[in-house]
Protein chains: 2
Amino acid sequence: MNTSAPHTDFSEASIRTIAVVGLGLLGGSVAKAVRGQSGDAAVRVIGCARRAETREFAVKHGFVDDVTDDPVEAAAQADLVLIATPVDRIADYVINIAAKCPQVLMTDVGSTKFRIVEAVKAAPEAAARFVAAHPIAGSEKTGLQHACGDLFQDKPIVITASGDESPGAIEAVTRFWESTGGRVVHLTPRRHDDLLAISSHMPHLMSSLVANQLPGEAIPMVGTGWLDTTRIAAGDEGLWTAIVSENRDAILSALEQTAGNLGDLIDVIRSRDDESLTGFLREAREKREAARPTRLPTP
Amino acid sequence: MNTSAPHTDFSEASIRTIAVVGLGLLGGSVAKAVRGQSGDAAVRVIGCARRAETREFAVKHGFVDDVTDDPVEAAAQADLVLIATPVDRIADYVINIAAKCPQVLMTDVGSTKFRIVEAVKAAPEAAARFVAAHPIAGSEKTGLQHACGDLFQDKPIVITASGDESPGAIEAVTRFWESTGGRVVHLTPRRHDDLLAISSHMPHLMSSLVANQLPGEAIPMVGTGWLDTTRIAAGDEGLWTAIVSENRDAILSALEQTAGNLGDLIDVIRSRDDESLTGFLREAREKREAARPTRLPTP
């Protein structure tokens, strides 16, 4: 691999060693997915975490071959660096690592993309080797203890190219993500954020609203409907505050659309327009059934 | 058992035969739960369904001992009749059966209670032997093919007495529901409907709103968060239109509260008040965790 950054050509890049910066649910699951492969696909994994307990857990449970608390030390040994930290720290890691390791390819797992890609564009030597990605996997659970090697199996992985990537970089990172078992989809960063605001960020906030409205007296009476609808409300509030901050405008636009639709629904119910209500419920059922994972095309 | 209705005393009532009117998910699951019991608790079950295919399926798969398409014929052989039809038909069945079978005890599975209990009160001979109930079990699935004998295990069963029941009736019906494996809770019909509007009916409608807002382009990208949040939106639109119709005022009041809370949330996000946003998300997470089924008291 040559080192004439930012003009490195990644067309022939072979990814034998990866560094995972941030050993949480997503970082740990990628590590397990690629380290577990046999034969030629086998990958060496260097984990990077700030907490000593996380590093010990990662080694003990076979997530990584080696660990460090220094992202640059990890990146210096790797062909590919995966940044798997909360969204508000990803761009800084990418820029710092690019400055110190001019040969390395980088990708990430952030749930928002536009602001990260824009921030990295300001550093051309970083933008040339960073291919932004968002694996749509995970749940309300966080932490390495919930990580597993098949988390990405048949899950959508959105790659959001900036246009500034070196030749071959997008293809190499696409092959890497496909090796985790996911199905790669390509979108612009802006389109990704607009769609995710509606398919993930707004639903998360609505789930929290529904959970918050429950009076204590009703707690012993919740059924599977309430439990399903509020499951993601159990997610970490720090991670989600950062996501809202990174994708504020698109989330506001999605929530305002929801507020308008809710107003219309209230009018339909108040005016006893049962035909419209049935139509609204039918449309929602059909939409839900169209999106069932069993009906998704498999790779 | 004496027949001097409406003054029958059910204190010593022994429930050896039940009639289940409506063989769907809930009726079928009750049938399976009580018929499967061994020894003294064993119960003979007569099923009543309009469709011949449903009656054949019920016999073939061991849900019932016998079937008929005539609710009165089924009730005439029973100690207890369970009305397991959509909510808008329950009160009529209770009143008709009471008029023709003056000895029989009755209960139901309706998700709304106030209007059913009020309608039955108009017929004192029916009100004396009807103990309204709502087992909080089931999901987006409907139909006998999804019924199972352990559907009610550890699930809340709300009994909403009218005050007009004959002596011993509430106790006998409570014992019956406990025999399905559920945990009986007592509430007034009005309080039940107000709480369920918040814990079940409003969440169902919000789930449908979230599902409806998804653009077709985002269908291949939905994750487990969207799938969990919208699971109940796959429910039957006819059943849910009837539920909204039976509990319209409480549902409107819950939805208006949600609309107000959504407006507040939009203001918090627009004003970049991340501290309030984190507080809102934390409260929702704590509420969700407090209501997790694993933390419910077991019977």
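This passage describes how two chains are arranged and paired in a predicted model. Residues are numbered from 1 along each chain as its sequence is written, and chains are lettered from A in the order in which they are written. Local features need pLDDT of at least 70, side-chain atom pairs count only at pLDDT 80 or more, and totals for chains, interfaces and linings use all residues, while side-chain values use heavy atoms, without hydrogens and water.

The two chains were first superposed, by least squares on the C-alpha atoms of residues with pLDDT of at least 70 in both. Chain A falls on chain B with an RMSD of 0.0 Å. Contact here means heavy atoms within 4.5 Å.

The interface takes 84 residues from chain A and 84 residues from chain B. The size of an interface is often given as the accessible area lost when the parts come together. Between chain A and chain B, the buried area (accessible area lost on being put together, 1.4 Å probe, summed over both) is about 8,100 Å². Carbon and sulfur atoms give 66% of that area. In chain A, the residues that lose the most area to chain B are Q213(A), M221(A) and R288(A). Together they account for 10% of what that side buries.

Helix α12 of chain A illustrates the packing. Helices are DSSP runs (H or I, at least four residues) and strands are runs of E (at least two), numbered from the N terminus. Helix α12(A) covers residues 274-290 and has 17 residues. From its first C-alpha to its last, α12(A) reaches 24 Å, close to the 24 Å expected at 1.5 Å a residue. That expected span is 1.5 Å times one less than the number of residues. Residues are called buried under 20% relative accessible area, exposed over 50%, and partly exposed in between (1.4 Å probe, protein chains only). The buried residues of α12(A) include L277(A), F280(A), L281(A) and R285(A). Their cover includes α11 (248-270) of chain A. It also includes α8 (189-212), α9 (224-229) and α10 (237-246) of chain B.

In soluble globular proteins, nonpolar side chains tend to be buried together. A nonpolar core is a set of buried Ala, Val, Leu, Ile, Met, Phe, Trp, Tyr and Cys residues joined through side-chain atoms within 4.5 Å. The largest such core has 132 residues. L205(A) and L205(B) have the most contacts inside it. Beyond four places in sequence, L205(B) touches L265(A), I269(A), L277(A), F280(A) and L281(A), along with V244(B), I251(B) and L255(B).

L214(A) lies in the loop between α8 and α9 of chain A. It is buried, with a relative accessible area of 1%. Leaving aside neighbours within four places, L214(A) contacts I219(A), V222(A) and W226(A), as well as I198(B), S199(B) and K287(B).

Salt bridges (a side-chain nitrogen of Lys or Arg within 4 Å of a carboxyl oxygen of Asp or Glu) were then counted. E237(B) pairs with R285(A), with the closest N and O atoms 2.6 Å apart. E237(B) lies in helix α10 of chain B and R285(A) in helix α12 of chain A, so the pair joins two chains. Both E237(B) and R285(A) are buried. R270(A) bridges to E256(B), at 2.2 Å between the closest N and O atoms. R270(A) also forms a salt bridge with D267(A), at 3.8 Å. D267(A) and R270(A) are 3 residues apart in helix α11 of chain A, and so about one helical turn separates them. D267(A) is partly exposed, at 44% relative accessibility.

Within chain B, K121(B) and D164(B) meet at 3.4 Å, N to O. This pair links distant parts of the chain, 43 residues apart. K121(B) sits in helix α5 (residues 114-121), and D164(B) in the loop between β8 (156-159) and α7 (169-178). Salt bridges that share partners also join D228(A), R231(A), D228(B) and R231(B) into one network.

The backbone of R272(A) has a positive phi of about 55 degrees, although R272(A) is not a glycine. R272(A) lies in the loop between α11 and α12 of chain A and is exposed, at 55% relative accessibility.

Terms used: Buried area is the accessible area (1.4 Å probe) that two parts lose on being put together, summed over both.
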